[in-house]
Amino acid sequence: MNKHDKPGNSKVTVRPVMSYRDMGKFIDVPWHVYADDPLWVPPLRLERRFHFSRFNPFFKHGEWQAWVAFQNGQAVGRISAQIDSLHQERYGTDSGHFGLFECIDDAEVCAALMLNAEAWLASRQIRRVSGPFNLSINQECGILVDGFDTPPVIMMPHSPRWYGRLLEEQGYQPVKDLLAYKVRVDFEIPRVMQILINRFSPKIKLRTLNRNQFDAEMEMLRDIFNDAWSENWGFIPFTREEFAELGSSLRLLLPDEFIQVAEVDGKPSAFMVGLPNLNEVLTELNGSLFPFGWLKLVNRIRNHQIRTGRIPLMGVRKQFHNTPLGLALACLVIDAPRQAGIARGIQEVEMSWILEDNVAMRSILDSIGSEQYKRYRIYGKTL
């Protein structure tokens, strides 16, 4: 019998996470679910502890509850339910989310998890639930529905093939698809892109991150991002604390040239952040930085031994959307860090995630020869 099979009439119990010990079991669930999946990348347990603690700035505007499902004494699934006041300000006070969903291939376990999450949300007058969000749209979100043959890159989720089926059996319907593209960093710049760059380059100044004014730079990037993405589906603004935390976590790992800022007439108007794909190292650490994991991580980055990367954040100010100058800005910030990436041994990057209906961005990615290779899905349900 497979370790994920259940004997007849085995009882499923779901318990809320109420203690430090409970949280340990919650964090450990994926090690059981993905035991037979060589492509899964174990998260760092220490980082997960911090993410679920009161120090996470998400909890300044969000409340949550987590649960673990047990079957025959084994933790076999988990889920969270959360309510985000920033989301409700934009999309209605009857909206809530589920997230951090992991589950063996068992409809009974999934049903028990969803029942607890939905009951918690319904008791707080939530009628529209969507997810998974871990814990918000500005963190990991969606379930992998296509592209199971490659491992996830840094800060992107991975899922077994059965998650979509289990959720649909519980009445959840697809709401939005998010796409991931990959492209070689030595791509050839299309002629139309080069013409645009040449035309507008006198107005545009490209620069890298000014580390001497790090806090001010983070605030500037947050301002561009929140403006650039403000009309996108599901948009929630990054708070100052959330973006500062993101910056501090990247500060030690990112070379300055992996953050590119484009200024128009002296005003910061577009940016792009590139990340070395730390999952190449994390896959070897099995969730622990100790005793030598941290050393391995830093050495691989410093010695340019990471071969892939990800572009998780990019934005062009709204005033330039659907204009030739805006297209030139997007092209420039995509093109600018390529030489730095090549110099550091990066061969391929993932651009993620891209909304399926973001036609303008997808056309740019198509023009530089990138390949859409993964698809993630957000599900929703009316309670």
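Of the contacts in the chain (heavy atoms within 4.5 Å) between residues at least 6 apart in sequence, 78% link residues at least 24 apart. The model is a predicted one, with local features needing pLDDT of at least 70 and side-chain atom pairs pLDDT 80 or more, while totals for chains, interfaces and linings take in all residues. Numbering runs from 1 along each chain as its sequence is written, and side-chain values rest on heavy atoms, leaving out hydrogens and water.

As for overall shape, the radius of gyration, taken over C-alpha atoms, comes out at 21 Å, which agrees with the value near 21 Å for a compact globule of 383 residues (the rule being 2.2 Å times the number of residues to the power 0.38). Buried residues, meaning those under 20% relative accessible area with a 1.4 Å probe and protein chains only, make up 57% of the 383.

On to the cysteines: there are zero disulfides (pairs of cysteine sulfur atoms within 2.5 Å) in the structure. For C110, the nearest cysteine sulfur belongs to C103 and sits 5.1 Å away. C110 is buried at 0% relative accessible area, and C331 also counts as buried, at 2%.

Then there is the second largest pocket, whose lining comprises 30 residues, with N232, H321, N358, A360 and M361 nearest its centre. A pocket here is an open set of points on a 1 Å grid over the protein atoms alone where a 1.4 Å probe fits, with protein on both sides within 12 Å along at least five of seven lines; lining residues have an atom within 4 Å of a point.

Methods:
Buried < 20%, exposed > 50% of the residue type's maximum accessible area, 1.4 Å probe, protein only.
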